Amino acid sequence: MQIARETLLRSYRAMRTIRMFEERLHVEFATGEIPGFVHLYCGEEASAVGVCANLTDNDTIASTHRGHGHCIAKGVGVAGMMAEIYGRSTGVCRGKGGSMHIADLACGMLGANGIVGGGPPLICGAALSHKTLRDGGVAVAFYGDGASNEGSTLESLNLASVWNLPAVFVVEDNGYGEATGASYACAGTQQARAAGFGMPYIECDGSDYFAVHQAAGEAIAHAREGRGPVMLHVHLARWYGHFEGDAMTYRAADEVANARRDHDCLKLFRTRVTEAGLFEGSELDEVDAAVADEIEAAVVQAKDDPLPQSADLLADVYVRY
Amino acid sequence: MSKKSFRQAINEALRQEMRRDPTVILMGEDVAGGRGGSAGIKDAWGGVLGVTKGLLEEFGDTRVLDTPITEASYIGAAAGAAVTGLRPVAELMFVDFVGCCLDQIMNQAAKFRYMFGGKARTPLVIRAMFGAGFNAAAQHSQALYPLFTHIPGLKVVIPSSPYEAKGLLISAIRDDDPVIFLENKVMYDEEEDVPDEPYAIPFGEANLTREGRDVTIVAFGRMVGLANQAADRLEKKGISCTVIDPRTTSPLDRDTILECVADTGRLVIVDESSPRCNMATDIAAIVAEEAFDTLRAPIRRVVPPHTPVPFATVLETLYLPSVDRIEAAVTATMAHRVVEKV
């Protein structure tokens, strides 16, 4: 499938934005200025962006605790996200959600989620809304190999098939559920699980934007045409720990270094598009510089933004009470 | 106006709201019942106790959705549908099954609005039956409304009669927050006059089923009827009771309770949920904190013991609050005399 040049440029920018957003958070978190838990998505950028390049604001996604990449890929603003992570009233959730609960329903982002396996049932509901309201939308659940073992996830695969929902289940398999290897924790295969629920299965290399884009495009088209749910299994590497501060003593010394050297989705993307003559390296460098400025501005702004007021504590528990 | 059972009142509320608003959908285990069965009937049950019977016929299977027996997925789906444009009414069948899907209610639906900085609306209703008195034993008889009341973001409704059930369910469906609507399973065949037209009873406004001067009784759901029976008996002995049906435990009409306690000086709370951290303890705390000086006797709670609900009729009868126990509690509070400290 030919991907439009502007889509490629937008995707490159989104992947670079995720990378720089996360690497900056890694640095800022170490200073102690960022409260709470932070889970970084570095290394997995092509998955969120390759999938979301096939979606519009009318489509819905649900994310995970490792949600920054999905948010950026779906169009949530970086400044509002950064302010949220800093707990500022200007944050996308007014400082009341934090890293694990960033959501923006206006662009179809149903939320990061602090509960492993929290998203797939919600996506069944969003898909049911798309189907019932006949708006042509598709709902996509991102979840990890860890969440793939949750009962809520397995129930959702069944329900989506039983109701023939326009849903795509994207297993982002980075090989670890927290500190425990998927090779230990996941019995059988994701492919066999999809088959067990009667749904098509596609797998792809998550460091290859083009592979993800192609596979997700097929899966999403299948769901959008009313032919039922699909499982998309994306193989990835997580470059940082489960959370910031995780020393990753459970990983071999060279594992992350190898992933950074051989499976960096941004490097691979650049090589491919420049060798194909689609872009000059300098064009992409300009994007990198613009993104760097945007992230810098977001951090400076977030640190300067106002904190929530005491009245905010009681606001928005209910629409009306 | 005509005589309707608790079951019929709930069915009528669902039917009228589904006619009024095409985004209202039902889902749950056997809400139609019979799909995929060898008889080829698609509305065999209409809910395990027949509450949703006939709705499939009128609204079709895009709006009345039978689910697999997988509470986490379909309660979660109801939450997800609610934040994306539908107004789902999900039936959990027995409230005890919340153990299979509490995450979807507690961590997802209840918290969307707050976590997302006020940007989400979650117009979700979860209907479930509750309560002892059916020999349904420990896993099908609990009264778990304190559990839901404890969770900010949820509203919790306990109708005490067919009239109340219809008006409160209509309010629940029209509400933009997640609502837990709890139906005492012993009441489904109780009848009373219920208007044929739709009407909404607001949340957080208690109903005084009778007004008296001596003792205030606060009771929930089926306990309201028992409290009124006890009050009838006590009236004949010259003890006059106010009976308050709060209708909703969240929001709770604290003002009405405090005003009535200020008038009577005595409070008995009847609550069929487990006695630790239940509505009786909650209301006792509120009154102790805010109306201590108006009390003329210790607050009394008529509650079950701290045990699972037993099976055998003789034990289940002992377990539940009764008219006799309410009468005894009121009599005891009337007998209390304040001793002035020297």
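UniProt positions are given here in the numbering used for this model, with feature names shortened, and such annotations may be inferred rather than shown by experiment. The model is predicted, with local features requiring pLDDT of at least 70 and side-chain atom pairs counting only at pLDDT 80 or more, whereas totals for chains, interfaces and linings use all residues. Residues are numbered from 1 along each chain as its sequence is written, while chains are lettered from A and ligands numbered from 1 in the order in which they are written.

View 1. The UniProt annotation "domain: Transketolase-like pyrimidine-binding", from an unreviewed entry, covers residues 4-190 of chain B. This span is 33% helix and 18% strand, with its end C-alpha atoms 8 Å apart; helices (H or I, at least four residues) and strands (E, at least two) are DSSP runs, numbered from the N terminus. Chain B is divided into domain 1 (2-194) and domain 2 (207-335), the bounds coming from an automatic or database domain assignment. The centres of the two domains, taken over C-alpha atoms, are separated by 27 Å. In chain B, 25 residues of domain 1 are in contact with 23 residues of domain 2, contact meaning that the C-beta atoms of two residues, placed from the backbone, lie within 7 Å. On the domain 1 side, the elements giving two or more residues are α6 (145-149), β6 (155-157) and α7 of chain B.

**View 2. Packing of α1(B) against α7(B).** The axes of α1 (residues 6-20) and α7 (residues 162-174) of chain B come within 8 Å and cross at roughly 25 degrees; axes are lines fitted to C-alpha atoms, for helices over the stretch in contact, and angles run from 0 to 180 degrees between N-to-C directions. The two helices α1(B) and α7(B) are therefore roughly parallel to each other, a term for angles under 35 degrees. Phe6(B), Ala9(B), Ile10(B), Glu12(B), Ala13(B) and Glu17(B) of α1(B) make the contact with Pro162(B), Ala165(B), Lys166(B), Leu169(B), Ile170(B) and Ile173(B) of α7(B). By class, this contact of α1(B) with α7(B) has nine nonpolar, no polar and three charged residues, where Ala, Val, Leu, Ile, Met, Phe, Trp, Tyr, Cys and Pro count as nonpolar, Asp, Glu, Lys and Arg as charged, and the others, Gly among them, as polar.

**View 3. The side of chain A that touches chain B.** Contacts link 36 residues of chain A with 36 residues of chain B. On the chain A side, the elements giving two or more residues are α5 (119-133) and α6 (151-162) of chain A, and α5(A) gives the most, with 10 residues. The residues of this side divide into 20 nonpolar, 12 polar and four charged.

**View 4. Packing of α5(A) against α6(A).** These helices, α5(A) and α6(A), pack at an angle of about 25 degrees with their axes 8 Å apart, and α5(A) and α6(A) are therefore roughly parallel to each other. Pro120(A), Pro121(A), Cys124(A) and Ala127(A) of α5(A) meet Ser152(A), Thr153(A), Ser156(A), Leu159(A) and Ala160(A) of α6(A).

**View 5. Backbone geometry in two loops.** Most residues other than glycine have a negative phi, and most peptide bonds are trans. Arg94(A), in the loop between α4 (78-85) and α5 of chain A, has a positive phi of about 60 degrees although it is not a glycine. The peptide bond from Ser250(B) to Pro251(B) is cis, with omega near 0 degrees, and Pro251(B) is found in the loop between β12 (248-250) and α9 (254-264) of chain B.

Methods: Parallel < 35°, antiparallel > 145°, perpendicular 65-115°, else oblique.
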